[in-house]
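Here is a short briefing on salt bridges and helix packing. Look over the sequence and the structure before reading on.

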Amino acid sequence: MTMFAPFEDHQQEASSKTLTEYRTIKMFVSLLRDLSDTFDDDLHDTLIIAVIHQRQKREELVARQTGGCLDFTAKGVRLMDLVRKLNIPRETARRKLMALEKKGLVEKDNEGGWQLKTVDGRPAVDLPIEPFIARRLKDLMSLSTALDMNQ
């Protein structure tokens with residue numbers, strides 16, 4: 001052991017921490033870029049679609065777990081729920097929903113909530129989940145390697 005060992009250990013620890021931080025940031029940049037590309041560079045649209053889709057998937061899970069029948073029109077997401085969940089102005093959320101409706105991606109249900117528009121029983125918006133998952137898994141493995149180096 002040299003007299004510089006404590007310094008070298010500290011330097012290696014700092015380098016590992018920097019690598020972990022770098023890989024974490026790289027993962028988030030990659031995710032945001034993918035989402036932005038999918039929704040024409042509008043992350044608010046991405047978030048609104050994601051919240052609506054999440055609600056519908058939750059309803060689907062409940063229906064499957066309870067043996068019930070899935071009805072996508074049962075519970076749309078209300079405008080004020082989006083405003084609170086996304087912390088965006090009401091008018092921004094309303095304007096975004098109107099634009100998404102015009103694009104044929106969402107529609108209002110009978111109760112005034114918003115849901116993904118369906119065509120032949122399937123959501124009109126094609127969310128490329130599998131490629132996102134594959135890229136995120138690769139990013140997470142890289143991050144995991146960096147975290148292992150920190151221990």
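Predicted model: local features only at pLDDT ≥ 70, side-chain atom pairs only at ≥ 80, totals over all residues.

**Salt bridge across the chain**
- Aspartate 45 and lysine 103 pair through their side chains, at 3.7 Å from N to O.
- Aspartate 45 has 5% relative accessibility, under the 20% limit, so the residue counts as buried.
- Lysine 103 has 47% relative accessibility, which lies between 20% and 50%, so this residue counts as partly exposed.

**Salt bridges within helices**
- In helix H3 (residues 79–86), aspartate 81 and arginine 84 are 3 residues apart, so about one helical turn separates them.
- Their side chains meet in a salt bridge of 3.1 Å, N to O.
- Aspartate 81 is partly exposed at 27% relative accessibility. Arginine 84 is exposed, and its relative accessible area is 57%.
- Arginine 94 and glutamate 91 form another salt bridge, with the closest N and O atoms 2.6 Å apart.
- Both residues belong to helix H4, again 3 residues apart, or about one turn of the helix.
- Arginine 94 is partly exposed at 33% relative accessible area, and glutamate 91 is partly exposed at 39% relative accessibility.
- Shared partners join Arg55, Asp81 and Arg84 into one network of salt bridges.

**Helix H4 and its buried side**
- H4 has 13 residues. From first C-alpha to last, H4 reaches 18 Å, close to the 18 Å expected at 1.5 Å a residue.
- Which residues of H4 are buried? They are Thr92, Ala93, Lys96, Leu97 and Leu100.
- These residues cover an arc of only 130 degrees around the axis, so they lie on the same side of H4.
- The cover over the buried residues of H4 includes H2, H3, E1 and strand E2 (114–116).
- Glycine 104 follows H4 and has a positive phi, near 80 degrees.

**How H2 meets H4**
- The axes of H2 and H4 come within 10 Å. They cross at roughly 80 degrees.
- That angle falls in the range of 65 to 115 degrees, so the two helices count as roughly perpendicular.
- On the H2 side, the residues that meet H4 are His44, Asp45, Ile48, Ile49 and Ile52.
- On the H4 side, they meet Thr92, Ala93, Lys96, Leu97 and Leu100.

**Valine 83 in H3**
- Valine 83 is placed in helix H3.
- Is valine 83 buried or exposed? At 13% relative accessibility, valine 83 counts as buried.
- Leaving out residues up to four places away in sequence, valine 83 touches Ile88, Pro89, Arg90 and Ala93.
- Valine 83 and isoleucine 48 are 35 residues apart in sequence. Their C-alpha atoms are 9.5 Å apart in space.

Conventions: Residues numbered from 1 in each chain as written. Heavy atoms only, no water. Salt bridge = Lys/Arg side-chain N within 4 Å of Asp/Glu carboxyl O. Buried < 20%, exposed > 50% of the residue type's maximum accessible area, 1.4 Å probe, protein only. Helix = DSSP H or I, 4+ residues; strand = E, 2+ residues; numbered from the N terminus. Contact = heavy atoms within 4.5 Å. Expected span 1.5 Å × (residues − 1). Arc of directions from axis to C-beta. Axes fitted to C-alpha atoms, helices over the stretch in contact; angles between N-to-C directions. Parallel < 35°, antiparallel > 145°, perpendicular 65-115°, else oblique.
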